[in-house]
Amino acid sequence: MNIGIDCFAFDLPKIHLPITTLAEARGIEPAKLVNGLGLHKMAFLDVHQDVVTMAANAALKLIQDNHINTSEVARIYVGTESGVDSSKPIASYVMGLLESQLGARSFANCDATDITFACIGAVDALQNALDYVRLYPNKKVVVIATDNAKYDLASTGEYTQGAGAIAMLVTSNPRILTFEGAFGTATESVFDFFKPRRVVEKLAITGTGENAPWFDVLETELSLYKEQPVFDGQYSNQCYIDRIKEAYDHFKSENKKGDTIVFEEWKAILMHLPYCYQGRRTFHEIYAQAYPEKLDSNLESKKDQLKALAKSADYMQLVQEKIAPSEIASGQVGNIYTGSIFLGLLSTLSHYAQLEEEISGCTFGFIAYGSGSKSKVFEARVQPNWKSAIKEINLFEYLEKSTPITLEAYESLHKKEIKNSIKHPEKEFVINYIEKE
């Protein structure tokens, strides 16, 4: 039975900060970010946007543009690491917003839940959706990846920021991709990147008695939420490499691939891209395992051998053929956490559609990663009607219309000092107020 992705929709910020503007303000050589990391623009949320509005906008577009019967949607899964409530999932917010446009209780018998595991949460959601539709082929599942990758001003993660939502419909007999074989998985509990509750003593805040009320809280300690994460960049990068290598090996084992160089069978390699060139700057570790004879034995250290391999003509040819198409959109948006690998997929499909290259029957390889940490490796086959299913998406055209903003506007948005939107919203879900009681 063929199970997979039938159609896509997305919602991305309509404003961006040019990376060269940020680089110059932070005293960074622009070429380091543009040529070294592949970054060009950093999409940023406007005043009226958040992860809920983006998810709902993408889902509504998915349903309306593809004439989906809501009674056939059995589940709405949201992969995110940017939840707005510790109890109520984003999926339920999205369901309510959709019903405001599609009819009251139009999702009355639909299940809804969020799945969280850093940047791999939406891949987990997709895998669950595939399993569900495999059991119930007449049902459909909407999977949404929505996130806001926000870092502290002037931090080492600042230039990788981004935001966006990708929605997809999982069905039987899909038009775009079918997923085949077993998933390879690798997991280890590490602290490379996380968003802990920050605990402070209320006494230190108020300077009064320990039982004095403070925002109606009587406990002596308060938990504060902060959007920006705690992370160790170098350690996180090593965890990324370790997990993807383990998951790739597990994928080969689970699918009885033996000594096959699996990635050579893949037309495209889709990887989680926390920044545009992360995939090409880490995949050479898997490449080296497949082709140890291409390591320069004249170099003493393994690190130097890998560096040389990453710059070799053979490896760069693989990058241009299999990885670069996924980087096109990433360089124009930035990191969108759970949606990054799917933005890369949309970028790749849009690239081949633009070239009018027929890729029906080709296999795509996916290498997903989430800090904490977990990787999954799996593959999908492109279906005959893929081009007609994405012809109206117009991803690249949308990105070209993005409006650049000044550094001052960006920093004011980051600090939430601006009260009026930079780009006036049109025909979309927006935040009009947030209750404080």
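1. Leu395, in this predicted model, is in contact with Phe10, Leu12, Ala329, Leu343, Leu346, Ser347 and Ser350, once its neighbours within four places in sequence are left aside. Leu395 also belongs to the largest nonpolar core, which has 54 residues, and together with Phe8, Phe342, Leu345, Phe364 and Phe366 it is one of those that touch the most other members. Helix H5, covering residues 121–135, gives the most to this core, with eight residues. Apart from this core lies another, of 31 residues, among them Val51, Ile76, Ala91 and Leu98. As background, nonpolar side chains in soluble globular proteins tend to be buried together.

2. A separate point concerns an open sheet of three strands, in the order S3-S2-S16, whose pairing is mixed. Strand S3 (41–43) and strand S16 (403–404) stand at the edges with a single partner strand each, so one side of each has no neighbour in the sheet. Strand S2 (residues 15–18) pairs with S3 in the antiparallel sense over three bridges, and the bridge partner of His16 in S3 is Ala43.

3. Phe191 sits in the loop between strand S8 (177–187) and strand S9 (193–194). Why is Phe191 called exposed? Its relative accessible area is 62%, and a residue counts as exposed when this value is over 50%.

4. Some backbone details deserve a careful look. The peptide bond from Gly372 to Ser373 is cis, with omega near 0 degrees, and Ser373 lies in the loop between S14 and strand S15 (374–382). Lys256, which is not a glycine, has a positive phi near 50 degrees; Lys256 is placed in the loop between helix H7 (233–254) and S13, and it counts as exposed at 73% relative accessibility. Lys416 likewise has a positive phi, of about 60 degrees, although it is not a glycine. Lys416 is found in the segment after helix H14 (407–414) and is exposed, with a relative accessible area of 52%.

Conventions
Residues numbered from 1 in each chain as written. Predicted model: local features only at pLDDT ≥ 70, side-chain atom pairs only at ≥ 80, totals over all residues. Heavy atoms only, no water. Helix = DSSP H or I, 4+ residues; strand = E, 2+ residues; numbered from the N terminus. Buried < 20%, exposed > 50% of the residue type's maximum accessible area, 1.4 Å probe, protein only. Core = buried A, V, L, I, M, F, W, Y, C linked by side-chain atoms within 4.5 Å. Contact = heavy atoms within 4.5 Å. Pairing = 2+ DSSP bridges.
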